Amino acid sequence: MSKDDLNDRIAKAQAKIDAKERPAYMSTGKGMGLGFRMASDFAAAVVVGVFLGLGIDAVFKVSPWATIICLLLGFVAGVRNVVATAMKANRVQPGDANKGEGA
Amino acid sequence: MMVSTDPMHQFKIDRWFDFRIGDLDLSFTNSAFWMVVGVLVLIGFLAVATSKMKTVPTRMQSLAEIWYQFIAGIVKDVNHAPGKPFIPLVFTLFSFIFIANIVGMMPYWFTTTSHIAVTGFMAIFTIGLVVLVGIIKKGFGFLKIFVPSGVPFVLLLIVTPIEIISFLSRPISLGMRLFANMLGGHVALKVFAGFIPSLAVALGGVGMLMGGLLVMPLIVGVTALEFLVAFLQAYVFAMLTCVYLNDALGEAH
C-alpha cells in the first residue's frame, strides 16, 4: 500500500514537472507527426482500394466495376482514417497535450 | 564544365561482394554495409553509456536513459500495462530507424531507409506481428475490429469493406511514409545544392553570389528540417506500432 502511495506521488510530481518544464517544441513535433500520418494514411487507403479493385477485376473478369467500387471505398476508408486520427487527437485533454494521442 | 547533379544517383545500390544461393541474391551491398554501421553505432553507444551504471547518471548514461524512457513513455501512454512486453521491440524499431536516418544525413553516407525494401519489410513485420498477437490473444474475436459494434446490419455491408481497406492500408502507409520522406528529403537537398554550381556555371560571378546568398541559407534550413524529419519519422513509426498493437491488445473501441 505504501509502495502504491509512493508511486502515486512520484507520478503526480512527474506530471507537474512535465507540464511546467517539457519544452513546447515537443508538441510541435507531435503535430507534425500527426500531419505526416494523416497525409500518408489517406493516400495509402486510396492506393490499396485501387489495387484491390484491379485484383478483383482480374480474378472475376468484371472490369471495370470492382476497380470503380473499390476506388470509392478506398476514398471513404482514407477519409475515415483521417477523421479517426483527428478525433483521437482531439479527445486528449488540453492539460496533457504532451501525452500520446493514440490511447 | 560538367556539373554532376543527378539527384537519384545517391540511392544507387552497389553490390560489394557477390553472393548467391541459387536464384537468391544475398550480395553484401552498400545499403547492407550502412545498416551494419548504424547498428554498430547504436550498440556501441548504448554499451558505452550503460557500462558504468551509477545512481547519479553521467551524461552518456543520462542520454541513454532519456532515449529509453522516451520510448517506454510512448508505449505506456498508448498500450498501458499490456504493452510492457513490447517495449524492447518498439525501442529496437525506433532506434534502428532513427540511427539509419541520422547516418543517412551524413555527407556521402548511404540512407538505408530511403529504400522501400527496408521500410516496407519493417512495416509488414509490424502489421504481421499485430495480426499474430491479436489472434493469439483474442482468437477469432480479433476479426471484430472489422465489424464495429452498434452498427445496423445494412450499414455493415458497406462499413466492413471500408474497415478492411483501412486495415490493409496500414502497412502501405507505414512503409511508404518513412521511405517517401527520406527519399524526398534527400532529393530536395541534392536538387537545391545543385542550384549553386548551375548558377555559377550559367551566370559566372553573379551566379556565385546568388548561390551563396540565396541558395545556401535555404540548404542550411532544409538540412535542419531533414534532421527534424529523421527524428519525427522514427517517432511516428514507433508510435504507430503502439497504436496498431493496441488493436490487438486493448479492448474494442
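This is a predicted model: local features need pLDDT of at least 70, side-chain atom pairs count only at pLDDT 80 or more; totals for chains, interfaces and linings use all residues.
The contact between the two chains takes 23 residues from chain A and 22 residues from chain B, where two residues count as in contact if their C-beta atoms, placed from the backbone, lie within 7 Å. Residues are numbered from 1 along each chain as its sequence is written, and chains are lettered from A and ligands numbered from 1 in the order in which they are written.

On the chain A side of that contact, the elements giving two or more residues are α2 (25-60) and α3 (65-91); helices here are DSSP runs of H or I with at least four residues, strands are runs of E with at least two, and both are numbered from the N terminus. The largest share of this side, 13 residues, comes from α2(A). Sorted by class, the side of chain A that touches chain B has 11 nonpolar, 8 polar and 4 charged residues, with Ala, Val, Leu, Ile, Met, Phe, Trp, Tyr, Cys and Pro taken as nonpolar, Asp, Glu, Lys and Arg as charged, and the others, Gly among them, as polar.

Staying with chain A, its secondary structure comes to 3 helices and 0 strands, in the pattern α-α-α along the sequence. Buried residues make up 22% of its 103 residues, a residue being buried if 20 or more other C-beta atoms lie within 10 Å of its own, exposed if 12 or fewer, and partly exposed in between, again with C-beta atoms placed from the backbone. In α3(A) the buried residues are Thr67(A), Cys70(A), Leu73(A), Gly74(A), Ala77(A), Gly78(A) and Asn81(A). The 27 residues of α3(A) should span 39 Å at 1.5 Å a residue, and the end C-alpha atoms are 39 Å apart, which agrees; the expected span is 1.5 Å times one less than the number of residues.

Let me turn to the helix packing in chain B. The axes of α3(B), residues 87-105, and α6(B), residues 205-249, come within 9 Å and cross at roughly 160°, the axes being lines fitted to C-alpha atoms, for helices over the stretch in contact, and the angles running from 0 to 180 degrees between N-to-C directions. These two helices are therefore roughly antiparallel to each other, given that angles under 35 degrees count as roughly parallel, over 145 as roughly antiparallel, 65 to 115 as roughly perpendicular and the rest as oblique. Among the residues that meet in this pair are Phe94(B), Ile97(B) and Phe98(B) of α3(B), and Phe227(B), Phe231(B) and Ala234(B) of α6(B). By class, the contact of α3(B) with α6(B) has 14 nonpolar, 3 polar and 1 charged residues.

I will end with one residue of α6(B), namely Leu228(B). Leu228(B) counts as partly exposed, with 13 C-beta neighbours inside 10 Å. Leu228(B) and Ile102(B) are 126 residues apart in sequence, yet 9.9 Å apart in space, C-alpha to C-alpha.
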